[in-house]
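Open your viewer and get ready to click along. We will stop at a few residues and look at what is around each one.

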Amino acid sequence: GFYQINQFLIEPWLKKIKEYSPKVDHLVEYFSGSGIISVILKDHFKKITGYELDKEAVKYASKNAGKNGLTDFKFQTINLYEQNPEIPKSAFWIFNPPRNGLNKLIIDQLKNHQPEHILYSSCNYITLGRDLKDLLPLYKIDKLSMIDFFPRTPYFETLVKLVKI
C-alpha cells in the first residue's frame with residue numbers, strides 16, 4: 001500500500017484534517033489506506049467505515065483500529081472506481097485518492113447523496129480541479145490548505161473542505 005514518506009509534514013496535515021472535520025456520528029473514508037486518518041479522528045466520530053482497494057492496507061487499518069481500542073471502525077476491501085458502497089445519508093465523507101482522483105461513479109454517488117460536508121485531500125491539483133468542477137455547483141469551498149509533501153517536484157497536497165450550498 002501507499003504510505004506518505006514525508007514524515008515531517010504528516011502531523012501538520014493530520015492536524016488540518018482534524019480541524020476541518022465536523023463531529024457527526026459516522027465517517028466514511030474513501031481510499032483509507034492503513035487507516036491513519038480514521039484513527040486520528042477517533043474522537044470526532046462514533047462509527048468509521050473505510051474503503052480501500054489494497055487488501056494489505058485494509059489488514060493494517062483493522063490492526064491500527066484494534067490497537068487503539070476502536071471497535072466500531074470497519075475497513076473493507078473494494079475497488080471504489082468500479083463499485084459504490086452503501087453509505088448512510090448522515091455520514092461525513094473524506095477522500096484521499098491516488099493521483100488519478102475521483103471518477104464519474106464516485107462523483108455521481110456524491111451528487112446523489114449530497115453529504116453536508118466533504119473533505120478531499122489530493123496530491124494532484126489537476127485531477128482535484130477536474131473533480132471540483134463537477135462538485136462546485138452543489139458545494140462551496142469552506143477551507144483550503146496546501147502542504148508541500150513533495151519538495152522540488154511540481155506536486156503538493158491540497159486539502160479542501162466542501163460544504164453543501
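In which loop is Phe 31 found? Select Phe 31 and you will land in the loop between strand E1 (26-30) and helix H2 (36-40). Helices (H or I, at least four residues) and strands (E, at least two) are DSSP runs, numbered from the N terminus.

Before moving on, a word about what you are viewing. This is a predicted model, in which local features need pLDDT of at least 70 and side-chain atom pairs count only at pLDDT 80 or more, while totals for chains, interfaces and linings use all residues. Residues are numbered from 1 along each chain as its sequence is written, and side-chain values use heavy atoms, with hydrogens and water left out.

**Two positive phi angles**

Most residues other than glycine have a negative phi. Stay on Phe 31: its phi is positive, about 60°, although it is not a glycine. Is Phe 31 buried or exposed? Phe 31 counts as buried, at 11% relative accessibility. Here buried means under 20% relative accessible area, exposed over 50%, and partly exposed in between (1.4 Å probe, protein chains only).

Now select Arg 152, in the loop between strand E6 (139-147) and strand E7 (157-164). Arg 152 is not a glycine either, and its phi is positive, near 65°. Arg 152 is exposed, with a relative accessible area of 85%.

**Into the core**

Next, select Trp 13, Ile 17, Leu 27, Ile 37, Leu 41, Ile 94 and Leu 119, the residues with the most contacts inside the largest nonpolar core, which has 25 residues. A nonpolar core is a set of buried Ala, Val, Leu, Ile, Met, Phe, Trp, Tyr and Cys residues joined through side-chain atoms within 4.5 Å. Helix H1 (7-20) is among the elements that give two or more residues to this core, and H1 gives the most, with five residues.

Zoom in on Ile 94. Leaving aside neighbours within four places in sequence, its contacts (heavy atoms within 4.5 Å) include Ile 17, Ser 21, Leu 27 and Tyr 30.

**Last stop: Asn 124**

Select Asn 124, in the loop between strand E5 (117-122) and helix H5 (125-135). Which residues does Asn 124 touch, not counting those up to four places away in sequence? They are Arg 99 and Phe 156. Asn 124 counts as buried, at 11% relative accessibility. Finally, show Asn 100: its C-alpha atom is separated by 7.6 Å from that of Asn 124, with the two residues 24 apart along the chain.
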